[in-house]
Amino acid sequence: MAERVQQPPAKRLCCRPGYGSTCRQGQRAAGAPCGSSGATQGESSRTQSPETLLDIAARKVAEKWPFQRVEERFERIPEPVQRRIVYWSFPRSEREICMYSSFNTGGEEIGSSGESGDETRLPFRRGIALLESGCVDNVLQVGFHLSGTVREPATPSEPELVCNVSVSFDRCKITAVTCSCGNKDIFYCAHVVALSLYRVRKPEQVKLRLPISETLFQMNRDQLQKFVQYLITVHHTDVLPTAQKLADEILSQNSEINQVHGAPDPTAGASVDDENCWHLDEEQVQEQVKLFLSQGGYHGSGKQLNLLFSKVREMLKMRDSNGARMLTLITEQFMGDPRLALWRQQGTAMTDKYRQLWDELGALWMCIVLNPHCKPEQKAFWLRQLRRWNSVDVCPLEDGNHSSELTNLTNVLPQGPAGNPDSLSRPHRTVFTRAIEACDLHWQDPHLQNIITEDHYTNYCYHENLDSSLFDTRGWPLWHEHVPTACARVDALRSHGYPKEALRLAIAIVNTLRRQQQKQLELFRSHKKELLNRGITAVTNLEGWVGHPLDPIGTLFSTLMEMGRGSEEGTLLDFSGSLGSGRWTEHPVFPAQRFLEEGESFLSLAVETALIGLGQQRVMPDGLYAQEKVCRNEEQLLGKLQEIDLNDTLVKIFRKQAVLLLEAGPYSGLGEILYRESVPMHTFAKFLFTSLLPHDAELAYRIALRAMRLPVLESTNPSSDLSRPHHIVSVVPNRYPRWFTLSHIETQQCELASTMLTAAKGDARKLETVLESIQKNIHSSSHIFKLAQDAFKIATLMDSLPDLTLLKVSLELGLQVMRMTLSTLNWRRREMVRWLVTCATEVGVFALDSIMQNWFTLFTPTEATSVVASTVMSNSTIVRLHLDCHQQENLANSARTLALQCAMKDPQNCALSALTLCEKDHNAFETAYKIVLDAAATGMNYTQLFTIARYMEHRGYPARAYKLATLAMTHLNLSYNQDTHPAINDVLWACALSHSLGKNELAAVIPLVVKSVKCATVLSDILRRCTLTTPGGMVALHSRRNSGKLMSLDKTPLRQLLDATIGAYINTTHSRLTHISPRHYSEFIEFLSKARETFLMAHDGHIQFTQFIDNLKQIYKGKKKLMMLVRERFG
């Protein structure tokens, strides 16, 4: 609260013409303490003596009448009467003071010991500490004005602070506060709290004076002059200019001050025209909200805004008019947020947390306009405000960034088979639209009034009239209204502090829902055969209750749960004593329990309501935010249900609702007829499954298996297959919905399946059923893979023997994943393949043999050879399976057969693996080698052939290596400038291999080299290596054919290689000179030096090189600097 040091102006002008001078003398002497007449505030609770009639009357007047009206009504008011009215005008409850000085007034704050660091910093807590430490002094009440000093003790970092505090009040409400501490906040500072609580708790210690105007009436002229002069002397530096100005105006006959009858008195209380409300610093509210919004969700601003909304709800519950006033200020700041226009301009969506704040804003306005005791002029004012905000372009839409499919509040969707979705409009609906529509609602319906006001409103004559809409067959009242609208009424009653009325209406709504559920079941049973044969049905719930902007199910659940826990009626906070230790007071049982069935409680009714709402079949809304809200609200509601311990009564309710949901057809998300665009039931079914499993396993599995459906991913509607119990019907033909939360939904489906697999361990029949459901309904390979992994982990727990049946389920799911991802790109594919082999190994040798026999339906040839067959033939696998020699050989034969099949299908990638796997089987190895030779001519590149050739040399087959190397050379082409090509090493190796085999082999390779390699440096390197050693080195190790002579450069094949090398140097030189730059001149000269070395290897090389240099000088004579360098080096 921004507490300003200057005193607020007087609210009204005061004069006492009815009092004569004789009457004033002696009647208004010096004041007495507050408790000097009648019982004090504290005494009434400590003694048994009755209050005086004066105190009773004065208290009632002080609560309701402005003091000006009292003065106008009675010409002369005795001073004792004035004193008691002034005395009782100060607030007597600490709850409101707490509300205006802290974020919470719940029992968790009031009843705590203040040990929390955050809590002790709250102004209310600090104020109590200052009061109890004796820091409040000089307390004086003058009329309707309280003042005093509050001393803030010194701390290690701060000196002692003495604050001057003043409080104005009227009709038991604090209307203005000031404090010299200079604190700026929405709430009262600790010093204001300390002074106010001093007056509440110690009224007998506060001296009370009548309003200052009354005291002045008692003075004669001399006394008045002395009073004024002393006042000016004491405060001459502050008031002297003002005093002189006022004196000048009073002495001027025509001044404005002389035209007004009476004079202002800041202590005389409120005027008739003043609004009676607690002091709220509007400027600080606006500044704080603006600050929080500007922080964009950082620094806890979102939490602070939610606390402000909670404060609004708290004010509404206390029936404080500042609730609507504060919400108006907050809304204005939200509407002025510059990010709204920016997001609209950029076409981007607001953040999720910010969007939720807007939702709460709309819900609060809904509560305000539905106030059952709202005056027509108030509602009209709010309606104008809401329409003004609603008309702003940047006003957020109700469903995020998309138009809404939801109907008007007062239009109830048809519940029978005659519903027509095409008639539904798609209006422009903002967050304020529902509040605007709610302004048309009223509370005058006699049936509604009877429901919310009477505990015994029944009609037992209705049991014979089954079509009645007012009462059920038991004579209990029903309330047929659009469900979200009816629940909004409940929320409004709770929000405005009418918990009994809210509970009565909530019970009537729940009984209506239960009756409606039963009627829907009967309707479906009577038309079941027709609907299933026809394969089409009407829309029942386009507007879902879970995820709805008004949160109807959440409202009913909270209302019933709060009553079940006794937080609103069973136990109430007692604020009469010290707020440092709040007390709970027990109250009698609430009479509305007469509308509960035998053995039923508010808790069980809340649980059943949640189950009905969660099980409702409803269409997935449009838009990312609306869909996320459906998921979020469902999870929130389930989270609350999970906190409840199930007893026999609740188990019966679970069973009852489970059966109803399974049999309710198109009205239930777990019914036999399911719309393609319906919100899935996976999360809800998982909760039901785990809850029912210990009590009714068969029912639990029926629920979970039925909920596994995800028809939105089905490509066609299986309407022709009427033998299946799950018929999928499209609500809107040719509609392709964008399910933004589909990934989350599929994850929930996967978790439901995993939960069933875990529970079914050891039960072969159930495992088979769950497996069939997974294979039928889950369409994501990654989720099926996760389920396979989950099943594998569960089956192979360390503390128990492997569950073979569950292992087979895991393997079957893994096989399905392999088939699904065989022809698609998946970054986890290699992991999946390795895992499948591991799983098959755990299952047994027959499983490994099976996947190798059917490898072409599961793996690519590369995966089958490099991962599957290699792993199967590894020593670790053999040891793991405990195989004998015969079994090992059979498994190896299967792996070799697989390898040969893969090599034939994909020789490029599988040939080497096939050769490796077939090394120990001569026939298989020869077959693999033949496959390589057959594929070498067309299907394999030089890199693959060189790799296999090197492998052959390594295995001791040089002749085969030579054969493959020559085949590789036919596919190779190295241009003049590729002197760093990765194949150069392979070429050098091939030439070295040929040279080692003998002259004939080298003679056969060199023509291939000359044809394939145009790079001069590579050719010169080959030439040099061939001249260093004699050919046939490898053959010489085994025979004496080697002559030991070096090959001549003048004879074939080296002459051919030398000529090719010289030609390559000449061609490369001309190519480089075409685009040479000066910075490459020195590099070029070195290149010519290497060329000269090659030229000189020929018998006429010197002459050839000289001619070559002369030609360069002639052709490139324009490159003078370069040619000069050439002449310097080569002459």
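Cys 189 counts as buried, at 3% relative accessibility (buried means under 20% relative accessible area, exposed over 50%, partly exposed in between, with a 1.4 Å probe and protein chains only). Bear in mind that this is a predicted model, where local features need pLDDT of at least 70, side-chain atom pairs count only at pLDDT 80 or more, and totals for chains, interfaces and linings use all residues. Residues are numbered from 1 along each chain as its sequence is written, and side-chain values use heavy atoms, with hydrogens and water left out.

Back to the cysteines. Searching the whole structure turns up zero disulfides, a disulfide being a pair of cysteine sulfur atoms within 2.5 Å. For Cys 189, the nearest cysteine sulfur belongs to Cys 179 and sits 3.8 Å away, so there is no disulfide by the 2.5 Å cut-off. Cys 98 is buried too, with 0% relative accessibility.

Now for the cores. The largest nonpolar core has 201 residues; such a core is a set of buried Ala, Val, Leu, Ile, Met, Phe, Trp, Tyr and Cys residues joined through side-chain atoms within 4.5 Å. Leu 641, Leu 757 and Phe 859 have the most contacts inside this core. Helix α23 (residues 499-534) gives the largest share, nine residues. Leaving aside residues up to four places away in sequence, Leu 641 touches Phe 557, Val 607, Ala 610, Leu 611, Leu 614 and Phe 687 (contact means heavy atoms within 4.5 Å). A second, separate core has 96 residues, including Val 70, Ala 190, Met 350 and Leu 370.

Next, a helix pair. Helices α14 (residues 282-294) and α15 (residues 301-317) pack at about 145°, with axes 8 Å apart. Here helices are DSSP runs (H or I, at least four residues), strands likewise (E, at least two), numbered from the N terminus; axes are lines fitted to C-alpha atoms over the stretch in contact, with angles from 0 to 180 degrees between N-to-C directions. On the α14 side the contact uses Val 289, Phe 292 and Leu 293, and on the α15 side Ser 301, Gln 304, Leu 305 and Leu 308.

Finally, two arginines have a positive phi although neither is a glycine. Most residues other than glycine have a negative phi.

| Residue | Phi | Loop |
|---|---|---|
| Arg 171 | about 50° | between β5 (161-170) and β6 (173-179) |
| Arg 319 | about 55° | between α15 and α16 (322-335) |

Arg 171 also counts as buried, at 10% relative accessibility.
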